[in-house]
Each structure stands twice: as structure tokens, then as C-alpha cells.
Amino acid sequence: MRLYNTLTRREEEFAPARDNTVRMYACGLTVYARGHIGNFRTFVAVDLLRRALKYEASFGVREVVNFTDVDDRTILESQKAGMPLREYTAQYVTAFERDAAALGLEPVEENPRATDPENIEAMGETIKALERNGHTYRSDGSIYFRISTLPDYGKLARLDHDGMKSGARVDADKYDKEDARDFVLWKETKPGEPTWDPGIGPGRPGWHIECSAMALRLLGPPPIDIHAGGVDLIFPHHENEIAQSEGATGTQFSRFWFHVEHLMIDDEEKGEEKMSKSLGNVFNLEDIVQRGFRPSALRYLYLGVHYHKQLRFSWTAMAQAEEALKRITDFLARLAFVEAATRRPDEAGCPGPSAVEGSRPVIATQLDDASKAFSARIADDLNTAAALGVVFDLVRALNTSIDNRELDKADADAVRQTFERFDRVLGVLSLRRAEDEKPPVPVDEIDRLIEARKAARLARNFAEADRIRKDLDARGILLEDTGSTTRWKRK
Ligand code: AMP
Ligand code: ZN
């Protein structure tokens, strides 16, 4: 498997350093708001990488995706909401878990929250190691990393050393692009802010130290194999993670750096820009569903553009993604009909169409070629867009075979298995199937409405009871009364 490595700016052959298991860390959501579909572009790309490593390259994977539940923004927003930090952020952790499942993300091995006591402890240990190694200084109650103490600071972002301002401090978690300054590790807490003391004095973590500490604690010893995130994190976040981790351990932090390009959106006045909460141009999964699209269509949209290229979001692009996905699912539905309708002469004892007898090796070769081509595209730096091209070529060819009555049941089974194999990486067909199987109205809502209808009938409010029945009917749910019990089924 070849992967582009931001550290070397080259595509390189990838294999884990130890035990055939990939140790991988992806920066997770800052839980001050619900994740938007820009964030999920990155998370889906990391999920595709995970699946490719597992199902195509046959490596084990141990993956950590954190929740950044303490930083400038989470503190500010929890204060505005008048809620304790952990309680405030918990609602967005839950929303993330729901959205991630709806988009078909495989659960990962660890989802630590920065404020878990063992992580705060690990941050304290990392900072103590940095102090011992002479990389820090204290000023105005905070602890800073002095970038001039690390000669190769800037190696990931390829920073111009003349532009570095060692000695000039920055307290904010995010700062200007390519303006390298000493950054804060441990911040003095202001009145009313949450505070901890893991043996380095009271304060609260800077954003960068959180990821270094969680990655080293859960995936160490360094180097880990892959560190992932959106391109906006290369500088300063990932550069500073390297500085902290390598400054503390004296060993390379991560061998590969995997960065996902942005999801962009058109603004009528400003033109195309990154989808970002701070720009106020975000959509989340609920907005997608409210527009009548299913999460599987969004996942398909992500798959259609290589992760190294910007992805332009629009409702037209969503409609096209839905159409393309439907072409595959329509083909699979057609295949089911072939499976049910035709028999090989030897199976059913009656002769099939004359072309069938010779078709099997032809189909087998076609499937084998497509499988190999699919794997080659995925192994080529996770080129899902090209892999989908292979899938469509196969759909086209096999539709013609069906038109010519050249497929029989055994062929159709082999075709289905090939598509299942593709989908272990793509994760979009199984997602669509799961959506199809789910009732169009949540089950607890149906139960609640059945109870409400029962109560209305008891109160002899038949108009209301009828309204509830019709409302559910319009949403695809049929109610059936037998005696005093009511059952429901999909229309
Ligand atoms: P944040 O919650 O801001 O820490 O971001 C979580 C992840 O989403 C990070 O890996 C970001 O780089 C990524 N991200 C943020 N905005 C976008 C976007 N518009 N397109 C793709 N990834 C993004
Ligand atoms: Zn991070």
C-alpha cells in the first residue's frame, strides 16, 4: 500500500513498524458544537484508510480518535451556556457518535477525551519530561515550549527559519499560518475556568499537548505509524505535536502524516471557501437529511474525490452522488432478480439460455480483473475515486451481460461477492442497506404514537385517533388493529 506522507512530501510504501499492527492516531472533533460535514470529510477519509489497511492490506489496526473537550472554544462556549465543561461537551460527543454511525464509520479502538484523568496525568508527565530536557520556560503562570531548543522545528510544515519568532509567546490555541512562535503547553487558568494540577502547578492544557499525550499514552512507545487530520492542522497543531513528543521522548513521533484536503462551499459574495464553523457556512448531517438526502449519499460524495483534492460541496453534487449510488444499487437489485429467475441447467434440470454454458469463465475473469484493478487503485494512495471508476465499468459490462441473458445464478452469486468485497473498503452499500431496513419513523416514536392513538380512542376522540393513523401512513407506517392490540408494519 502506497501512501502520501506529508513529512517527506512523497508517496511511500507503507507497512507498520511492529507486529503487523498499524498504530494510528487521528485528531478528533473539538466538541464545542456539532461536527459539520467538512469535519466528517476528514473522518470518513480516515475511516477509508482504516478499512483499506485492514481489508486490503490485511494489517491489524489500533486506532485512536480523541475528543478535544478542553480548549479556548469549548471553555468559552460552556461558559456562555452556563454549563460545566464536561457536561457541555458531552452533548457533542453523543452527537458525534450518532453522526459517525450514520455515516458508516467503523468504531475505533479508543476514543479518549482530553479531560479523562489519565490523559491529564499523561499531559503532566509529558510536560515534566520537556522541562527536564530543557525545552520549556515559565512565564506569567503558564508554561511555554521554546521552539529554538529544537533545531528541526518546522520540518513538517517546512517553515522558513527566518520567519520564526522564538521568544515571542502565543497563548491562543490557534494562531496565524506559518508564524512560528513559542507556544503554550500549560495555561494559567483565569477565574471561573476549569483547572487541574498533574504535578506541574495549577492550570489547564493547551490544545497541542492533549494530542501528544493521548497518542503516546495509548499507542506508544514512539514512533507511531500514522498520524492523521485535516490539512489545516499541519501548522501549528501537528508541528507542535511533533515538537512536544520528540522533545519529551527524543524519538521520532510519527512515521507517516496523512492529511485530508478541505470540503469547500461556495459563498455568493466571497466565492469558494473552506466549510468552517467560524465562517458560519456549515451544514451538518441533519441539514443533509432535512433536504431529503440519506447519509449514504453523503458518504458516496466523499468517496468520489481523492482525499488530496478539495471537495466542492453543493446540493447539485449531492443529487449526483445519490444518482450514482442508485445506479449501483439498481444494478444489485437487478442481479437479485437474475439470482431468483435463472438456474444452471445442471441445477434445475431444465436448459438455461444457450449463452450461459460458456459464460462462467468469462465472468470469473471479468470479476477477477475488476477486483485486481480495484485493489490497485486503493493501494495507490487510497484512490477511492478511481476505484469507483472500476466499479462503474463493471456495472456497465454486467448490465450488458444481463441484457444478453449471459448471467446465471452462480455467476450472480460471484458478482455479489465481488461487490461485497469492494464494499468492505467503501462502506457505502452496506450503509444504504441498513438505511433501507430501518423504519422511516423511529421505533420509539411509533410506539409513542400508538399509545397516544389508544388514549384518544379511549377518550372517544376518534378524529384524533384517525389523524395519528393517517400521519403514520403518510410517513410509510401502516397500523393494524387486532382485538385490543395494535401492530405496525412498513408500507
Ligand atoms: P476541529 O473540530 O476543528 O478540531 O476539526 C476536526 C477535524 O476536522 C480536523 O481534522 C480538521 O482538520 C477537520 N476539518 C475541519 N474543517 C474541515 C473541512 N472544511 N474539510 C475537511 N476537514 C475539515
Ligand atoms: Zn490533535
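Predicted model: local features only at pLDDT ≥ 70, side-chain atom pairs only at ≥ 80, totals over all residues.
Which atom of G230 lies 3.0 Å from an oxygen atom of ligand 1? It is a backbone N or O atom of G230.

**Where ligand 1 sits**

- Ligand 1 sits in the largest pocket.
- Two elements each give two or more residues to the shell around ligand 1: helix α1, residues 37-56, and strand β10, residues 224-230.
- Helix α1 supplies the largest share of that shell, namely four residues.
- In total, 18 residues surround ligand 1.
- The closest of these are T30, T42, D232, L263 and M275.

**Polar contacts of ligand 1**

- A polar atom in the side chain of D232 is 2.5 Å away from an oxygen atom of ligand 1.
- L263 takes part through its backbone: one of its polar backbone atoms is 2.8 Å from a nitrogen atom of ligand 1.
- Taken alone, ligand 1 exposes 490 Å², and the protein buries 95% of that area.

**The residue R453**

- R453 is part of helix α15, which covers residues 443-458.
- R453 has a relative accessibility of 4%. Buried means under 20%, so R453 counts as buried.
- Leaving aside residues up to four places away in sequence, R453 touches A465, I468, R469, L479, D481 and T486.

Technical notes. Residues numbered from 1 in each chain as written. Chains lettered and ligands numbered in written order. Heavy atoms only, no water. Buried < 20%, exposed > 50% of the residue type's maximum accessible area, 1.4 Å probe, protein only. Contact = heavy atoms within 4.5 Å. Near = heavy atom within 4 Å. Polar contact = N/O pair within 3.5 Å; in protein donor to acceptor, adjacent residues only side chain to side chain. Areas by Shrake-Rupley, 256 points an atom, 1.4 Å probe, with all protein chains shown as cover. 1 Å grid on protein atoms, 1.4 Å probe; cavity = no way out; pocket = protein on both sides within 12 Å on 5 of 7 lines; lining within 4 Å. Sits in = over half its atoms within 2 Å of the grid points.
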